Structures are given as C-alpha cells and as structure tokens.
Amino acid sequence: MTQPLPLQGVKVLDISQVMAGPYACMLLGDLGADVIKIEPPGTGDQTRGSMGFKMKGADSLGFLNMNRNKRSIALDLKTEAGKSVLLRLARDADILVENYRPGAMRRLGLGYEELRKVNPKLVYTSISGFGQTGPWADRPGFDLMAQAMSGVMSVTGYPDSPPVKAGVPVADIGCALFAIYATLAAYIGAKNTGQGQYVDAALFDSVMAFSVWDICDYWGTGVPPQPLGTSNKMTAPYQAMASSDGHFVMGANNQKLWTQLCQLMGREELLQDERFTTIALRLKHRQALQDELEKTFRTKPKDYWVDTLLANGIPAGPILSYPEAFGSEHAKARRMRMEIEHPVEGQVPNIGFAVKLSGTPQQVRRHPPLLGEHTHEVLAEAGVSDEEIANLKAQGAFGA
C-alpha cells in the first residue's frame with residue numbers, strides 16, 4: 001500500500017520570486033504540499049523571463065527547475081480586490097512564504113500581524129537579503145551581496161587573486177534550506193499549540209552559518225582567514241593536484257593516509273622530512289608539500305592517480321564539468337536528472353531530488369505552472385463563486 005506523501009494536506013501560499021523562496025516552496029511541494037504560487041499579473045515571477053536563451057514558450061529553464069509541483073494564480077496585491085483574495089486564501093493556509101523587501105507586505109496590509117488575525121495557526125516566513133531588523137535590513141539582497149558582505153568571498157579563490165564568488169548560489173540555496181527547516185519546525189509546533197509564528201530568514205545569516213571552520217580559525221588565532229584555492233585549513237594534503245594531463249583532487253588527511261600515500265608513491269623520504277611530519281607542519285609548509293607531491297603526480301595522467309589512490313584506500317576523484325557530472329553513471333544511478341512533461345515545452349529536464357525517502361519518495365505531481373494557470377481552480381476551491389470571480393476581475397484583482 002502506497003503511503004501518502006508526508007506533507008499531503010498542507011497548504012502553502014508562495015508569494016516569492018527568483019530563487020530562495022521559490023526553491024524552498026518547491027521542496028515543500030515535492031513532499032506533497034499544495035503550493036499555490038501567487039504572482040504579479042503580466043510578468044509573473046521575474047525568473048520566468050531570466051537567462052540568456054529562450055525556450056519554446058515564455059518561461060526560462062531556470063523557472064521550470066524551481067517551480068514544479070505548484071499551482072499559479074496571477075494576483076495584483078496592490079489592489080483592494082487582490083488583497084481580499086489573498087486574505088481569503090490565507091484563512092485555511094498552513095504556511096505563507098514571501099520575499100518582498102522588508103516591510104513591503106506590512107505596508108500592503110498583508111503582514112504577519114494582519115494575517116494572524118485571519119488565521120492564528122499560520123506560519124509566516126519572510127525571506128530577505130539581510131533580515132527584517134538591523135541597519136542593513138532595507139538593502140536589496142541578492143546572493144552576490146550576501147556572499148560579499150558575509151565574509152564568504154574573502155576566503156574564496158586564491159591568495160592575491162581578484163574577488164571570486166562561489167560558483168553556485170550558496171546564499172540563495174542555503175537560505176532556502178534554513179527557511180524550510182525553521183518553517184516545518186514552526187508548522188509542527190502550530191499543530192500542537194494552534195499558534196503559528198513568524199520566521200525571519202536572511203541570505204546574509206544563512207551564508208554566515210557556513211563559516212564554521214573559517215570563523216573559528218579567526219576567533220582562535222585573531223588572524224582573518226585568507227583564500228586557499230582548493231586547499232583546506234584543517235589538514236594537508238587535501239586539495240587539487242596537477243598530473244601529466246590535468247588536475248584531480250585527493251586527500252591524505254590523516255597520519256595513516258599520509259604514510260600510505262608516501263609509500264604508494266615511492267616517496268618514503270617525505271615521511272622523514274621535518275617539514276611534513278605532522279598535520280600542523282604540513283599546513284605550515286603547504287606550498288612546499290604540494291610542490292614535492294606534484295613532482296611525482298606529474299609523471300602520470302590524472303585517471304591513473306585517481307584509480308591508484310582509490311584502490312589503496314586514499315580518497316581521490318576527477319574534476320568534472322557539469323555535463324560530465326550529470327552524464328556519469330553514478331548521477332544516473334542516483335537519478336539526478338529527470339524529465340517533466342510540460343504543456344508548452346514537452347519534456348523538460350529537471351534536477352533530481354537531492355535526498356531519497358524510502359517510504360514516501362518525493363514525486364512530480366504537477367508541471368511548473370503557466371502564469372495564472374490555476375486562478376479559477378484555486379478560487380473555486382476556496383468557495384469563490386463564478387460571479388465573485390467576475391467581480392474581482394472587474395476590480396483589477398487579476399491585473400488589467
């Protein structure tokens with residue numbers, strides 16, 4: 001007998017755009033929640049028109065990868081009619097996620113204090129760049145700014161290189177995950193107490209939470225951490241190394257593995273080198289260590305070293321491009337690419353589910369929605385009659 005998805009019956013209002021909010025709500029939808037995406041009429045979520053190439057329809061592939069398992073309503077929240085629709089939908093919602101600038105929803109009369117009067121059990125999650133309080137709260141917040149202002153960019157790249165950001169949106173995705181963890185905790189609490197709460201999630205805070213090793217290094221030594229390229233501040237060698245035909249990564253990150261590595265490479269003399277006898281000394285002489293090891297690594301190709309190191313219990317791996325990674329047999333076995341049927345695009349590639357549940361595996365139940373595709377359907381479920389819908393339309397609730 002198939003078990004219901006864990007969030008089946010949970011109603012989510014997704015009033016967010018671009019990445020952190022939509023991604024967070026998609027995760028809820030993947031687990032069975034009924035996610036209603038409320039979008040500005042005309043343009044919808046900004047991500048619909050993003051990216052530098054076009055699909056068959058108006059929606060970008062980025063939008064299609066962050067908005068599956070949702071229904072869409074086009075709703076103008078600047079009109080009284082539009083606000084009335086949202087208040088009606090909020091009556092029986094469990095969760096609301098928004099990422100307007102701090103204070104914007106409150107100025108519209110749709111902040112947490114207003115909506116909790118309509119529905120005391122509502123969990124109201126606000127996602128922003130810098131949070132709802134503090135001197136930077138009113139600043140526009142995007143992943144790049146969060147990486148720069150949190151310290152992350154200061155430790156990314158190589159020493160003396162120009163500023164480099166992480167290649168993936170760590171602040172956006174990190175904030176989405178932290179927001180969902182807090183939102184689901186608050187939802188469980190509301191089930192027990194009947195009282196929802198306000199969740200304040202910030203890109204800035206979230207990406208700072210990733211800085212465990214770096215900030216502890218600073219707090220312990222008083223020396224600000226610096227970028228290390230692919231190296232690691234806790235142990236060495238643990239980084240990319242050059243071979244005869246390119247780079248690979250490896251990690252002999254404890255004394256046992258260090259001994260095995262030197263013996264395997266026929267470089268037993270390094271075990272007696274006073275610069276490399278302990279992890280602390282190898283860290284102190286990191287560049288000299290790399291130079292010595294690469295004298296040997298450069299004698300053979302990267303695939304040889306990866307295979308040889310792995311066969312001897314030493315962690316190693318190739319450096320793959322995205323096409324190589326998604327095309328690998330392992331990614332295929334882990335189902336990290338899936339195809340979703342879409343009414344305009346046909347088969348659309350989507351990134352697979354990042355975690356696997358044995359009893360209630362996530363499901364694609366709905367294609368990423370067209371703008372306003374489910375307006376009538378959702379309002380009818382909320383008890384809004386056809387006549388009321390017509391009146392709301394005449395009052396501008398769904399745009400001009």
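Trainee: In the open sheet of 6 strands, what is the strand order, and is the pairing parallel or antiparallel?
Mentor: Please keep in mind that this is a predicted model. The order is 3-2-1-4-5-6, and the strands pair in parallel.

Trainee: Which are the edge strands there?
Mentor: Strand 3 (70-74) and strand 6 (198-202) are the edge strands, each pairing on one side only.

Trainee: And by how much are neighbouring strands of this sheet turned against each other on average?
Mentor: The average is 20°, with direction ignored.

Trainee: How many bridges does strand 1 share with strand 4?
Mentor: Strand 1 (residues 11-15) and strand 4 (residues 95-98) are joined by 4 bridges in the parallel sense. Within that pairing, D14 has V97 of strand 4 as its bridge partner.

Trainee: Which strands does helix 1 touch as it packs on the sheet?
Mentor: Helix 1 touches strand 1, strand 2 (34-39), strand 3, strand 4 and strand 5 (123-128). The direction of helix 1 makes about 160° with that of strand 1.

Trainee: What about helix 3, which strands does it lie across?
Mentor: Helix 3 (residues 80-90) lies across strand 1, strand 2 and strand 3. Its angle to strand 1 is about 150°.

Trainee: Back to helix 1. At what angle does its axis cross that of helix 7?
Mentor: Two packed helices are described by the angle between their axes and the distance between the axes. For helix 1 (residues 20-30) and helix 7 (residues 170-193), the crossing is at roughly 50° and the axes come within 8 Å. The two helices are therefore oblique to each other.

Trainee: Is the crossing left-handed or right-handed?
Mentor: Helix 1 passes helix 7 in a right-handed crossing.

Trainee: Which residues make the contact?
Mentor: Helix 1 contributes A20, Y23, A24, L27 and L28, while helix 7 contributes D172, I173, A176, L177, I180 and L184. Sorted by class, this contact holds 10 nonpolar residues, no polar ones and 1 charged residue.

Trainee: Changing topic: in what order do the strands of the 3-strand open sheet come?
Mentor: The order is 7-8-9, and the pairing is antiparallel. Strand 7 (238-243) and strand 9 (316-318) are at the edges with a single partner strand each, so one side of each has no neighbour in the sheet. The twist from one strand to the next averages 30°.

Trainee: How many bridges join strand 8 to strand 9?
Mentor: There are 3 bridges between strand 8 (residues 246-251) and strand 9, and these strands run antiparallel. M250 stands opposite A316 of strand 9.

Trainee: Which helix packs on that sheet?
Mentor: Helix 14 (residues 302-311) does, touching strand 7, strand 8 and strand 9. The direction of helix 14 makes about 15° with that of strand 8.

Trainee: Finally, how many helices and strands are in the chain?
Mentor: The chain has 18 helices and 11 strands. Of its 400 residues, 45% are buried, and the C-alpha trace spans about 85 × 45 × 45 Å along its principal axes.

Conventions
Residues numbered from 1 in each chain as written. Predicted model: local features only at pLDDT ≥ 70, side-chain atom pairs only at ≥ 80, totals over all residues. Heavy atoms only, no water. Axes fitted to C-alpha atoms, helices over the stretch in contact; angles between N-to-C directions. Parallel < 35°, antiparallel > 145°, perpendicular 65-115°, else oblique. Left-handed = near helix turned anticlockwise from the far one by under 90°. Contact = heavy atoms within 4.5 Å. Nonpolar A, V, L, I, M, F, W, Y, C, P; charged D, E, K, R; others polar. Pairing = 2+ DSSP bridges. Buried < 20%, exposed > 50% of the residue type's maximum accessible area, 1.4 Å probe, protein only.
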